[in-house]
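The following exercises concern a predicted model. Please work through each task before reading its solution.

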Amino acid sequence: MRVYEAQVAGKKGMWYAVPGRGVASMNTYVTGNTIKQLRESRNLTQSELGEKIGVSSKTISKWETSKGLPDISLLQPLAQALGISVIELMQGQHITNQNRSANMRRCKFYVCPVCGNVIHTAGAAVVSCCGVTLPALEAEVPDESHGITVESVEDEHFITVHHPMTKVHFISFLAFVTTDRVQLVKFYPEGNAETRLQLRGMGDLYYYCNRHGLFRRKR
Ligand SMILES: [Fe+2]
């Protein structure tokens, strides 16, 4: 069992996605609607957008009315002209994190249903893994079959999630999140869903069951 404190851990384990920088596999292509909406939201005419990327207004019009698609070599310039990342352009989802200093307690967790990858972001992000766009998980209040106990011994805390740890139904990670820090512990099937952490300050304990989703217990 290893504890990861706000850092990247192995390709197959956990990683942090930085908004606008994530590498993702995609199963969609840019749509005319997306181009049109983004162009209009930036008060650009079809000619102005065309000029920025070296195509005619007629070409932009064709894309917007689904009578053609931009060549893949134009995606980067198009995204740049529209002020978003290529991933956002492809997914048709524009992410704006207004407050760059927002604290970690607003963080989000994503879990890939295919490979089990765990992704943590400090703010909103478009996150894909194994070709699947992942929704941010919504944490629930723990129910009877996902109880957790925290025993304090001096400045350490022994945390146990009371849950089966079989190959098909298990707790895959636990995280303690404060305003400036995330401590993440990975659990494995047939292991124990227990760990020891130094819980400094106010924060929330998150843990994830592969069948029942994310739970949060406030401290
Ligand atoms: Fe469960």
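**Exercise 1.** Determine what spacing the donors of the iron ion follow along the chain, and which atoms coordinate the iron ion.

*Solution.* Along the chain, the donors of the iron ion are spaced as H-x16-H-x5-H-x39-C-x2-H. The coordinating atoms are NE2 of H146, H163 and H169, SG of C209 and ND1 of H212, at 2.1 to 2.4 Å. Within this site, H146 and H169 are 23 residues apart and link distant parts of the chain. H146 belongs to the loop between β6 (132-134) and β7 (147-153), whereas H169 belongs to the loop between β8 (156-162) and β9 (171-177).

**Exercise 2.** Decide whether H146 is buried or exposed, and do likewise for H169.

*Solution.* Buried means under 20% relative accessible area. H146 has 1% relative accessibility and therefore counts as buried. H169 has 15% and so also counts as buried.

**Exercise 3.** Describe the surroundings of I159.

*Solution.* I159 is located in strand β8. Its relative accessible area is 1%, so I159 is buried. Leaving aside residues up to four places away in sequence, I159 touches I148, T149, V150, L174, A193, E194, T195, L197, L199 and L205. I159 and L205 are 46 residues apart in sequence, yet their C-alpha atoms are 9.7 Å apart in space.

Definitions and conventions. Residues numbered from 1 in each chain as written. Predicted model: local features only at pLDDT ≥ 70, side-chain atom pairs only at ≥ 80, totals over all residues. Heavy atoms only, no water. Donors = N, O, S within 2.8 Å, 3.2 Å for Na, K, Ca; no water. Helix = DSSP H or I, 4+ residues; strand = E, 2+ residues; numbered from the N terminus. Buried < 20%, exposed > 50% of the residue type's maximum accessible area, 1.4 Å probe, protein only. Contact = heavy atoms within 4.5 Å.
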